Amino acid sequence: MEILPDFLCPISMELMKDPVTISTGVSYERKNIEKWFFTYKKKTCPATMQSIKNFDITPNHTLKAIILQYSRQPSINHDDMLCLLNTVKTSPFKVSSLKKLRSIIEKGDEIVKADFIQSKGVEVLVEIVVQVAFESSHDFIAFRACEEAMGVLQNLPFSEEEKTTFDLLSKQEAMKSMAIMLQRGSAESRLYTITIFQKMAKSGYDWHFVIQDVDFFKALLEMVSDEICTKASSCALEVLIEILGSSKKSRLRAIEAGAVCVLIELLPDSNRSKCEKVLVLIKLLCECAEGRQALVEHGMGIPAISKRMLHVSTTATKMVVKILWVISSFHPTERVLEEMLVYGSVKKLLVLLHIDGRSSSTKDKVIKMIKLHGNSWKRYPCFPCELKEYMAFVSN
């Protein structure tokens with residue numbers, strides 16, 4: 001039995017364990033829809049974007065029973081695995097067989113997955129995947145087969161002991177196909193693809209091939225902005241951190257794709273974890289002159305950054321200080337210095353010195369900023385009088 005779309009939570013795209021239904025008739029995993037309504041204060045249905053006034057949540061016992069029955073289906077033996085793989089390899093109608101294979105792998109334990117790999121299953125699926133990059137790239141049937149193949153592959157381990165999946169997917173043809181899938185695939189297949197990219201990033205993949213493509217970064221940024229599938233958004237952020245941390249060229253491509261604007265606009269509504277990742281990315285982009293220019297030219301650049309200092313976490317505050325340090329050191333225009341003062345950066349920097357008594361790299365950056373620009377800030381009429389003496393003390 002294949003996994004039906006109705007079994008998946010529209011927010012996380014994962015199999016539901018405690019499905020509940022809201023007033024629009026759509027079912028969600030309880031914890032996901034509760035977070036959407038009561039943590040993020042959203043007033044829409046995530047799947048339909050209809051406005052909602054009634055936030056009642058009703059358990060969907062029927063759907064839960066069906067999912068439980070589905071989850072108890074038997075696994076597969078070695079001979080049946082070989083037979084199924086042969087069908088996938090030789091049949092011109094691969095999609096139904098791939099759906100069956102995906103269902104088996106998703107429910108299977110490590111023994112089933114190991115048997116699949118040892119039976120050359122990864123080779124069979126990668127052969128299907130790479131077709132998208134060549135003559136079959138506009139063939140709907142081949143594209144659907146690739147989507148289903150990605151659904152199987154994303155469930156496989158990328159461990160030190162078992163490198164087959166990683167090695168085969170790391171080849172240029174496979175990466176090209178997955179980049180296409182990330183840009184043009186369905187929401188479900190894009191989630192599969194970004195999950196695979198996340199595993200590859202953790203396994204140390206060298207991204208030199210994909211970073212040449214600006215459209216690849218545009219697709220990643222679109223996923224980062226996805227409010228419906230939070231899992232896809234989180235994976236995309238982690239992949240971007242790995243890629244941008246690997247080379248300056250990747251940062252320039254991301255800037256060209258509009259990364260600075262997208263990330264700044266994500267900050268106000270980001271939770272702690274997402275905010276920290278976004279700030280790490282902005283810091284990496286601001287290490288390039290083009291990134292700094294894009295940030296200071298964005299009307300909400302410095303205000304959005306400043307607002308997160310001291311209000312999210314120690315990690316977020318350190319990232320904000322690093323960003324402000326780079327901006328004020330390499331791009332200290334009158335507008336930048338004025339915005340840092342007007343939008344509270346300077347006041348928070350001084351507060352940070354007061355609450356962080358120990359010597360640290362963060363504190364050192366704050367002191368250097370004040371020594372560099374303290375006299376400029378004190379000349380502004382809006383500078384708080386009570387801080388002038390404290391700033392003079394720090395500047396000495």
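The model is predicted. The protein chain has 396 residues, of which 52% count as buried. Its secondary structure consists of 22 helices and three strands.

**Overall make-up**

- The C-alpha trace of the protein chain spans about 80 × 50 × 40 Å along its principal axes.
- Among contacts in the protein chain with a separation of 6 or more, 67% come from residues 24 or more positions apart.

**Contact of α20 with α21**

- Helix α20 covers residues 345-355 and helix α21 covers residues 361-378.
- The two helices, α20 and α21, pack at an angle of about 135 degrees, and their axes are 10 Å apart.
- Angles over 145 degrees count as roughly antiparallel and those from 65 to 115 as roughly perpendicular, so α20 and α21 are oblique to each other.
- The crossing of α20 and α21 is left-handed.
- On the α20 side, the contact is made by Val346, Leu349, Leu350, Leu352 and Leu353.
- These residues meet Thr362, Lys363, Val366, Ile367, Met369, Ile370 and Trp377 in α21.
- By class, the residues of the contact of α20 with α21 are ten nonpolar, one polar and one charged.

**Contact of α6 with α9**

- Helix α6 (residues 121-130) packs against helix α9 (residues 172-184) at an angle of about 60 degrees, with axes 8 Å apart.
- Angles under 35 degrees count as roughly parallel and those from 65 to 115 as roughly perpendicular, so α6 and α9 are also oblique to each other.
- The crossing in which α6 passes α9 is left-handed.
- Val126, Val129 and Val130 of α6 make the contact with Glu173, Ala174, Ser177 and Met178 of α9.
- The contact of α6 with α9 divides into five nonpolar, one polar and one charged residues.

**Salt bridges: count and network**

- The structure holds 14 salt bridges.
- Side chains of opposite charge can pair when their charged atoms come close.
- One network of salt bridges links Arg102, Glu106, Arg144, Glu147 and Glu148.

**Salt bridge of glutamate 14 with lysine 231**

- Glutamate 14 and lysine 231 form a salt bridge in which the closest N and O atoms are 3.2 Å apart.

**Salt bridge of glutamate 222 with arginine 190**

- The side chains of glutamate 222 and arginine 190 meet in a salt bridge at 3.8 Å, N to O.
- Glutamate 222 is in helix α11 (residues 214-224) and arginine 190 is in helix α10 (residues 187-202).
- The two residues are 32 residues apart, and the pair links distant parts of the chain.
- Arginine 190 is buried, because its relative accessible area is 16% and the cut-off for buried is under 20%.

**Salt bridge of glutamate 287 with lysine 283**

- Glutamate 287 forms a salt bridge with lysine 283, and the closest N and O atoms are 3.3 Å apart.
- Glutamate 287 is partly exposed, with a relative accessible area of 38%.
- Lysine 283 counts as buried at 18% relative accessibility.

Methods: Residues numbered from 1 in each chain as written. Predicted model: local features only at pLDDT ≥ 70, side-chain atom pairs only at ≥ 80, totals over all residues. Heavy atoms only, no water. Axes fitted to C-alpha atoms, helices over the stretch in contact; angles between N-to-C directions. Helix = DSSP H or I, 4+ residues; strand = E, 2+ residues; numbered from the N terminus. Left-handed = near helix turned anticlockwise from the far one by under 90°. Contact = heavy atoms within 4.5 Å. Nonpolar A, V, L, I, M, F, W, Y, C, P; charged D, E, K, R; others polar. Salt bridge = Lys/Arg side-chain N within 4 Å of Asp/Glu carboxyl O. Buried < 20%, exposed > 50% of the residue type's maximum accessible area, 1.4 Å probe, protein only.
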